[in-house]
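Opening the notebook on this one. I wanted to look up pockets, ring pairs and charges over rings.

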Amino acid sequence: MAAMSVLRRAAVTAGAALSGRLGARLGLGGFLSRGFPKPLVPVPVRHSGDHGKRLFVVKPSGFYDRRFLNLLKFYILLTGIPVAIGITLVNVFIGEAELAEIPEGYIPEHWEYYKHPISRWIARTFYDSPEKNYERTMAILQIEAEKAELRLKELEVRRLMRARGDGPWFQYPTIDKELIDHSPKASPDN
């Protein structure tokens, strides 16, 4: 292979050197001509059969794409098949609830108002009852009302303290003035 490269390079160099002198006689043309001079020595080129020249096309690898799609399909089927079987079994063997009269003195739970058994299970397991939500909201509203009332009281207290001139600053005991040492101030700086 290396010998063929060297021979081809030598042939191209020799053809380029001769193109100036023998170009007119051989029909090769000069350096400014459109055609590239053909090598004087025939060089074998392999085209891998009768399908013409094959090119090596550089393209990104599809390995990670295929792996991601295969794993996605696997995990969807891993969870999807059991869920589909469970939903089918619930629909076939349990079925939807039927509307009936409420007995005297019976208070239904909040999940009993749903028709489908899966919806009833979700409401019973994951959702809070409307009464609990109502009480929680009322407790939050009460806490916020108490905070607003305390803010108003604090503003009124500050207003009265400014108006009357009384406040916590009048309640602190002052230091005895006899304890202050005035000796550093007795002599001026020299």
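Predicted model: local features only at pLDDT ≥ 70, side-chain atom pairs only at ≥ 80, totals over all residues.

I started with tyrosine 64, which comes out as exposed because its relative accessibility is 57%, and the cut-off for exposed is over 50%.

Next I checked the neighbour in sequence. Phenylalanine 63 has 42% relative accessibility, so I filed it as partly exposed.

Then I ran the ring search over the whole structure, and it gave 3 aromatic pairs. One of them joins phenylalanine 63 and tyrosine 64: the ring centres are 5.1 Å apart and the planes sit at 75°, so I logged the pair as edge-to-face. The angle settles that, since edge-to-face asks for planes over 60 degrees apart.

Phenylalanine 74 and tyrosine 75 make an edge-to-face pair too, with 5.0 Å between ring centres and 70° between planes. Phenylalanine 74 is partly exposed at 44% relative accessibility, and tyrosine 75 is partly exposed with a relative accessible area of 47%.

Arginine 124 puts its charged end over the ring of tryptophan 111, 5.7 Å from the ring centre.

The largest pocket has a volume of about 340 Å³. It is lined by 14 residues, and the ones closest to its centre are Glu98, Leu99, Ala100, Glu112 and Tyr113. I sorted the lining by class and got 9 nonpolar and 5 charged residues, with no polar ones.

Key:
Residues numbered from 1 in each chain as written. Heavy atoms only, no water. 1 Å grid on protein atoms, 1.4 Å probe; cavity = no way out; pocket = protein on both sides within 12 Å on 5 of 7 lines; lining within 4 Å. Points joined across faces, edges and corners; volume = space filled by probe spheres on them. Nonpolar A, V, L, I, M, F, W, Y, C, P; charged D, E, K, R; others polar. Phe/Tyr/Trp six-rings, centres within 6.5 Å; stacked < 30°, edge-to-face > 60°. Buried < 20%, exposed > 50% of the residue type's maximum accessible area, 1.4 Å probe, protein only. Lys NZ or Arg CZ within 6 Å of the ring centre and 35° of its normal.
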